[in-house]
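Hello,

Here is the structure I said I would pass on. My notes on it follow below.

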Amino acid sequence: MGHMGRLQAARSHLEQARKAYSSQQHSTYIFLAGFDLGVFTLAHLSHAMGYLGYPDQALHLGQEGVALAKSVGHPFSQVAALSYLGDASPLYGDWRAMQVASASAPSLRRT
């Protein structure tokens, strides 16, 4: 919905998804979807909040998504969370977040 410009509706749905997420079932989510749904929920909610004019909340949600991705230990979810945080950093006016996200992602690659 957020990609269609329906930011308030997206926010509402993403907040519901966030409440429904269970970190104890993250391996099930990864198996079914290929990524952790909690991480992507936080990433998309971060973007919606940024576009709605709440930069501090957006930054906090993006950082929370990165922390969740680290705790899950799923490399794709980790890189995605960092990517979303970096992409949204202009919304929060925090260019340092983009630099940190960009510098962190390569360390997650598998050799």
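**The cavity and what surrounds it**

Helices α3, α4 (55–72) and α5 each supply at least two residues of the lining of the largest cavity. Please keep in mind that this is a predicted model. The structure holds one cavity of 30 Å³ or more, and the space in the largest cavity comes to about 30 Å³. Its lining consists of Val39, Leu42, Ala43, Gly62, Gly65, Val66, Ala81, Tyr84 and Leu85. By class, seven of these residues are nonpolar and two are polar, while none is charged.

**The chain as a whole**

As for the overall fold, the chain has six helices and zero strands, so the order of elements from the N terminus reads α-α-α-α-α-α. The chain has 111 residues, and 38% of them count as buried. Among contacts with a separation of 6 or more, 57% are between residues 24 or more positions apart. The accessible surface of the chain is about 6600 Å², and carbon and sulfur atoms account for 56% of that surface.

**Threonine 41**

Threonine 41 sits in helix α3, which covers residues 37–51. Is threonine 41 buried or exposed? Threonine 41 counts as buried because its relative accessibility is 10%, and the cut-off for buried is under 20%. The side chain of threonine 41 reaches the backbone oxygen of leucine 37, at a distance of 2.7 Å. Leaving aside residues up to four places away in sequence, threonine 41 touches Leu14, Ala17 and Arg18.

**Serine 83**

Serine 83 belongs to helix α5, which spans residues 75–92. With a relative accessibility of 36%, serine 83 counts as partly exposed, because that value falls between the 20% limit for buried and the 50% limit for exposed. Which residue lies 40 residues from serine 83 along the chain, with its C-alpha atom 9.2 Å from that of serine 83? The residue is alanine 43, and alanine 43 is also one of the residues that line the largest cavity.

That is what I have on this model for now.

Regards

Notes:
Residues numbered from 1 in each chain as written. Predicted model: local features only at pLDDT ≥ 70, side-chain atom pairs only at ≥ 80, totals over all residues. Heavy atoms only, no water. Helix = DSSP H or I, 4+ residues; strand = E, 2+ residues; numbered from the N terminus. Buried < 20%, exposed > 50% of the residue type's maximum accessible area, 1.4 Å probe, protein only. Contact = heavy atoms within 4.5 Å. Areas by Shrake-Rupley, 256 points an atom, 1.4 Å probe, with all protein chains shown as cover. Polar contact = N/O pair within 3.5 Å; in protein donor to acceptor, adjacent residues only side chain to side chain. 1 Å grid on protein atoms, 1.4 Å probe; cavity = no way out; pocket = protein on both sides within 12 Å on 5 of 7 lines; lining within 4 Å. Points joined across faces, edges and corners; volume = space filled by probe spheres on them. Nonpolar A, V, L, I, M, F, W, Y, C, P; charged D, E, K, R; others polar.
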